[in-house]
Amino acid sequence: MARFDVYVTYKKGIFDPPGATAERALQHLGYDEVRSVRIGKYVQLEVADGTSEDRVREMCEKLLANPVIEDFRIVRVEGD
Amino acid sequence: MRFGIVVFPGSNCEQDVKHALDVLGLESRYVWHGEQDLSGLDAVVLPGGFSYGDYIRCGAVARFSPVMNEVVRFAERGGPVLGICNGFQILTEAHLLPGALLRNRGLKFICKEVTLRVEASVCHWLDAEPGSVLRIPINHNEGNYFCDEQTLERLNGNGQVVVRYCEPDGSRAPGGSAPNGALDDIAGVCNERGNVFGLMPHPERAVDPLTGGTDGRVVFEAIVRRMAKIGS
């Protein structure tokens with residue numbers, strides 16, 4: 001079994017309401033150093049050995065992310 | 001003329017659509033999401049609801065339902081397709097309409113009557129006078145329309161923006177009139193050809209004076225008029 005982690009976030013410039021709310025809340029709590037909070041999705045994907053990253057990319061483009069509004073990042077997890 | 005109302009697991013407005021069509025004396029039948037035959041149908045409606053629990057993104061899973069291959073083919077042949085609320089979200093995920101629906105700007109689910117301005121558009125599903133104002137309810141959490149700048153330019157240039165949120169007198173507030181934060185106050189768009197129309201407001205819930213007015217009737221009446229004209 002191989003594992004890939006996929007991180008899905010809104011593209012730059014797209015308003016992220018939960019992120020903006022958390023940002024304001026943290027600043028309100030006194031964390032003045034907070035500049036920006038973006039909240040996205042984290043997907044753990046277990047796949048058959050030998051599955052290529054291209055294949056995972058295809059899954060992201062088709063279903064896990066919407067390229068109109070979201071970016072995604074794929075990380076291969078070794079030795080899990 | 002016969003309407004098909006597609007029912008996905010989690011749809012919850014199919015009966016509202018059926019009722020609206022019944023009130024208008026229009027024939028319709030439900031189409032289960034596993035069906036792959038739309039023959040005998042002249043128009044297809046994707047109703048509101050929470051198809052597949054809105055998992056991943058609203059409409060992202062419904063888009064891969066067996067029936068959707070047929071809906072795409074139907075639309076490509078010029079068949080009229082209407083997506084209301086979750087139906088609109090499904091149509092954008094299926095790439096039948098441009099853009100996407102984001103979470104409401106204020107993070108709240110909004111359920112209320114709004115005013116919509118009819119724009120001059122190529123849409124087959126609306127032939128009301130441009131500038132006229134419709135009162136129709138909205139009921140959604142992800143209705144904040146978004147597309148990139150080039151797409152917006154194209155939508156405006158091609159007459160693909162069909163209805164915009166507006167003030168009761170038809171004007172648009174300087175800070176925007178969309179209760180959900182939608183880009184350019186956009187409430188509904190159609191494809192270039194005009195046969196596929198998606199909107200967040202629920203015209204099917206505004207067909208009876210008993211429940212708040214009849215402004216939603218125009219959508220169903222427009223497509224009937226158009227189909228009659230083509231047929232004759």
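How many residue pairs are in polar contact between chain B and chain A? Keep that in mind while we look at the two chains, and bear in mind throughout that this is a predicted model.

Let's start with chain A. Chain A has two helices and three strands, and if you follow the chain from its N terminus, the elements come in the order β-α-β-α-β. Its radius of gyration is 16 Å, well over the 12 Å that the globule rule gives for 80 residues, so chain A is more spread out than a compact globule. You can see the proportions in the C-alpha trace of chain A, which spans about 45 × 30 × 15 Å along its principal axes.

How confident is the predictor here? The average pLDDT of chain A is 94, and 99% of the residues score at least 70. Among the elements of chain A, the highest mean pLDDT, 97, belongs to helix α2 (residues 53-64) of chain A, while helix α1 (residues 17-28) of chain A has the lowest, 93.

Now over to chain B. Its secondary structure comes to five helices and eleven strands. The radius of gyration of chain B is 16 Å, close to the 17 Å that the globule rule gives for 232 residues, so chain B is as compact as a globular protein of that length. Its C-alpha trace spans about 45 × 40 × 35 Å along the principal axes.

Over all chains, the count comes to 18 salt bridges. One of them joins the side chains of D16(B) and R205(B), at 3.3 Å from N to O. This pair links distant parts of the chain: D16(B) sits in helix α1 (residues 14-23) of chain B, and R205(B) lies 189 residues away, in the loop between β11 (196-199) and α5 (217-231) of chain B.

So much for the chains themselves; next comes the place where they touch. Chain A brings 15 residues to the contact and chain B brings 14 residues. The area buried between chain B and chain A is about 1300 Å², with carbon and sulfur atoms giving 67% of that. On the chain B side, I56(B), R57(B) and L102(B) lose the most area to chain A, together 37% of what that side buries.

R57(B) turns up again in the charged part of the story. There is one salt bridge between chain B and chain A: E70(A) pairs with R57(B), their closest N and O atoms being 3.7 Å apart. And back to the opening question: four residue pairs are in polar contact between chain B and chain A, with both residues at pLDDT 80 or more. As for the side of chain B that touches chain A, its residues divide into seven nonpolar, two polar and five charged.

Notes. Residues are numbered from 1 along each chain as its sequence is written. Chains are lettered from A and ligands numbered from 1 in the order in which they are written. Side-chain values use heavy atoms; hydrogens and water are left out. Contact means heavy atoms within 4.5 Å. Buried area is the accessible area (1.4 Å probe) that two parts lose on being put together, summed over both. A salt bridge is a side-chain nitrogen of Lys or Arg within 4 Å of a carboxyl oxygen of Asp or Glu. A polar contact is a pair of N or O atoms within 3.5 Å; within protein, one must be able to donate a hydrogen and the other to accept it, and residues adjacent in sequence count only if both atoms are side-chain atoms. Ala, Val, Leu, Ile, Met, Phe, Trp, Tyr, Cys and Pro count as nonpolar, Asp, Glu, Lys and Arg as charged, and the others, Gly among them, as polar. pLDDT is the predictor's confidence in each residue, from 0 to 100. Helices (H or I, at least four residues) and strands (E, at least two) are DSSP runs, numbered from the N terminus. The radius of gyration is taken over C-alpha atoms; the globule rule is 2.2 Å times the number of residues to the power 0.38.
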